[in-house]
Number of protein chains: 2
Amino acid sequence: MEQQHSMYNRRDRAAKPGSAVRAGHTGDAQPPFQAPLATSNALAAELRIRIARGDWIEGEKLPSVRRLSEETGLHRLTVYKAYNLLKDEGLIESREKSGYFLTVSRRPVESGFGSVFKFRPASGGGQEPAEAGPPLPALLGELHSVDCRYQFSQALIDPLLLPNSYLAEEAKRVFDLYPRVLGTYAPLQGDEDLLAALRRYLAETCSFVPEGQELLVTNGAQEAIHLVCEALVRPGDAVLIEQPSYSVAIEIFKHRSARLVPVGIHPEGYDLEELEALMRRYRPVLFYLNPTFHNPTGRCVPAEQRKQLADLAEKYGCILVEDDAFRDIYFGTPPPPPIYGYDTAGNTIYVRSFSKYIFPGLRIGCMAARADIMRRLLTAKARSSGGTPLLNQKVFVHHFQSERSRRHLHKLRIALQLRKEAMETALEGSGWNWHSPSGGLSLWVELPEGVDPARLLADALNGGQGGETASFVPGSFFDPSGRLDRHIRLSYSLLNERRIAEGVALLREYAQRQSDR
Amino acid sequence: MEQQHSMYNRRDRAAKPGSAVRAGHTGDAQPPFQAPLATSNALAAELRIRIARGDWIEGEKLPSVRRLSEETGLHRLTVYKAYNLLKDEGLIESREKSGYFLTVSRRPVESGFGSVFKFRPASGGGQEPAEAGPPLPALLGELHSVDCRYQFSQALIDPLLLPNSYLAEEAKRVFDLYPRVLGTYAPLQGDEDLLAALRRYLAETCSFVPEGQELLVTNGAQEAIHLVCEALVRPGDAVLIEQPSYSVAIEIFKHRSARLVPVGIHPEGYDLEELEALMRRYRPVLFYLNPTFHNPTGRCVPAEQRKQLADLAEKYGCILVEDDAFRDIYFGTPPPPPIYGYDTAGNTIYVRSFSKYIFPGLRIGCMAARADIMRRLLTAKARSSGGTPLLNQKVFVHHFQSERSRRHLHKLRIALQLRKEAMETALEGSGWNWHSPSGGLSLWVELPEGVDPARLLADALNGGQGGETASFVPGSFFDPSGRLDRHIRLSYSLLNERRIAEGVALLREYAQRQSDR
């Protein structure tokens, strides 16, 4: 499947008479807003907004071509063309003689924390699932919140690997150092001390130093991606995104009514020829990428491609949004420097989370961008949340710049490598396939033929006949086109080696039962 | 000026031949998306998005009617109609024989904290200002960040009024109680302890208790307003908003390409007949209001109107977004309960900030809404920022539910009332007019004829010939139509009585000099 770099895979959608016409539309689709506004494009743009804003619920029938034509005063062919544009994007589906319907998405939001909605397995979990497959939690947050014995779904550091009491004592000192920290708003750009510490850190570990106004403290990487979307993406804009990719990012861009164009990521990086063809064809406003220990695959784009990526970005005026959440979690040698450092033309936005491994409870992240882009990001932040809370910044920086935090990170890498190896050992001989990652928190595993991830998840969550429960994330959650395939993400960061071995054995047992049926 | 409840005041725009035609368009403008999509409406909707997304900079010329007609294939009259819709909304302006231009807005963002952009007064601050008036800071955050002796611009509690060292000691205990607070993500809806404490507080002080899933912890009220906008407002939707109103809210709704319809707020509340007429005419999706010690006017909508507002909301399917940031800052008797409690039909969203007076450095707020609306708000929160950081919630709740916090709040009210009275005393005999508010942090003052707020601000920020500096917020910052008028906001919360007296005397002196010129 890694060889598929096409637009949304259309194989899942029923082939219909007229699909050649649709393909034709896709073929000469104009980059929206840059090309002259065709009326069908304008109508499609408006419909995208109405869909994003929830005018119709998933599966609901849209107005007929005839009715919409009457309502808008547009020619029926124009309406038909607009609907087919949306159909090609996977937003709507047509059913023969019934009309157009809003697509039912199977790809949920990864919220990165427990959701308020408790997952309730379908009644009779042990029974033969219906043909459409067993129900999955509608949000990744729901999945994470399921109470189960072996949690492989959350790519989060085991709290037991953090020096909690030490950190707590250290945090207390912040109140002595800054007695008014609770009574003060933080500057929009970030606390001065933290900005200075981040600059030192980036210079040492990432080979670049942002200028005074090129750095911004955010509420985690999630806010950073949101700000990028608010500041740079207009409804209908083409956005390149890896397939698979971080599910929160997919959701943010989709909500903005962006046209997502998937880009494959392989063990050796991207297919740059194909990437250039996509940039030439779709003129994307940005490419959201996670080139270093990519989530969920763990892949790392080699150094030689990084400069080429920066060149491509310049050539096509496409901003690279480089999400670098896992840089510090490497096994063996450190990864190549970020693309941001190779990019002398300033077409990269660097997005950095630290909450994966330092203080998840603080949600501190940062982003770097050249001054004119940063101005737009700052305006978006002023509008959306304002300055990141000062307390969080002070507690973070106090630990972040300490010698102790470096020693801790070193130990953390070793602990995670051991857990990764434990998981790989437990998977040996299973017939499940994966590339061993050299960093990150998860394995991206391909299940063998005959094992359906959704069915396996339902069995694992329900615990079969009185058995133990386990969780993982089906690959569809990371797919911008929402397809189900045979990949799953197994995170090894939350459980210790013994429990990893037990949990993987349990999953193998459920998979074996499924193959035997 | 309080009697003006019309759409954007058009007096500031040059009267042109053809304005009768434009007025006609406004008169029969359809509520967008609900009425049949007329092509000019569809084009206007798309243009609104392009404007919001920054396709043109302020003052830039838009494509000519002829060119846009050719590009879109739409009739020139359709394009002309679309442009005139936008012109009536104040988004664009026409200049005779020159075409259409993006309106230059004079109303900046209130960011509530210092901006990274340092305000630099125009060179030669003491010279006679140009006819267009002296330059103002482009963002309210810039204004707040100007270092001046008498700061009346920020409606923030003086940090010296907070029991900082007590709070710091109390906060430290949080780490003993919850040793893993730094290593844990918070649930999306909020920390259980904090949700329970908020329910108790709302029951005691607001006469309502949200059900289990009807309450959400947010990163201050600002995030709450943003979530409302994300979840409920579609580009082109009509939104009622008080004139004047909280500038961050204005900016958030404008960025969403909402059509803002101003509603006057008077000492005795709203003109309900007029409000109903606006609801009937524009079918607004929501009314953002601040009925209790309204920012910036300090007005309080009487109890008898609150039930009527809930009835109107139900009758017209208009959601009331009730921002209640100043409830606890009353002088004398407590204000009437929130509209939320009167609204048995569930058409109100309650937005509550505490960061104005407890822990501004934590930015904790909350919002309540009926379950189906809350589900949409939760989805928006999962997408934008995720759960509010756990540390902030734990530190907040620990103090919030203490007896000490109640005692502190009681003392804070007295201190603020004394400061308000000091400011009123200092203003006596000035010829400046205001209604004495019974709560809140600011006076809304009308300057006498002959004193221009922008000029006064420039003089005050620059300190005249070697004089002292002072700051306040001109009324235009709070006006959804961006007009300048003779009102200013003077906040009495940041300085003590002596400094208030000195600073107001200084402002009076600068105003007097202006009148004398």
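Predicted model: local features only at pLDDT ≥ 70, side-chain atom pairs only at ≥ 80, totals over all residues.
Local features need pLDDT of at least 70, side-chain atom pairs count only at pLDDT 80 or more, and totals for chains, interfaces and linings use all residues. Residues are numbered from 1 along each chain as its sequence is written, chains are lettered from A and ligands numbered from 1 in the order in which they are written, and side-chain values use heavy atoms, with hydrogens and water left out.

**Interface**

Chain A puts 83 residues into the contact and chain B puts in 83 residues; contact means heavy atoms within 4.5 Å. About 7400 Å² is buried between the two chains, and carbon and sulfur atoms give 61% of that area. Buried area is the accessible area (1.4 Å probe) that two parts lose on being put together, summed over both.

Two salt bridges are counted between chain A and chain B. The term requires a side-chain nitrogen of Lys or Arg within 4 Å of a carboxyl oxygen of Asp or Glu. A:Lys172 and B:Asp176 form a salt bridge through their side chains, at 2.6 Å from N to O.

Among the elements of chain A that give two or more residues to the side touching chain B are helix 2 (39-52), helix 6 (164-177) and helix 13 (371-384). Helix 6 of chain A gives the largest share, eight residues. Helices (H or I, at least four residues) and strands (E, at least two) are DSSP runs, numbered from the N terminus.

The side of chain A that touches chain B divides by class as follows.

| Class | Residues that count | Number on chain A side |
|---|---|---|
| Nonpolar | Ala, Val, Leu, Ile, Met, Phe, Trp, Tyr, Cys, Pro | 43 residues |
| Polar | the others, Gly among them | 20 residues |

**Symmetry**

Chain A superposes on chain B by a rotation of 180° with 0.0 Å of shift along the axis (RMSD 0.1 Å). That is the relation of a two-fold axis. Superposition is by least squares on the C-alpha atoms of residues with pLDDT of at least 70 in both copies. A:Lys172 is the residue of chain A closest to the rotation axis, at 2.6 Å (C-alpha). The copies meet through the same surface, because 100% of the interface residues of chain A are also interface residues in chain B.

**A sheet in chain B**

An open, antiparallel sheet of three strands in chain B has the order 11-14-13. Two strands pair if DSSP finds at least two bridges between them. Strand 11 (442-446) and strand 13 (473-474) are the edge strands. B:Val473 has B:Arg489 in strand 14 as its bridge partner.
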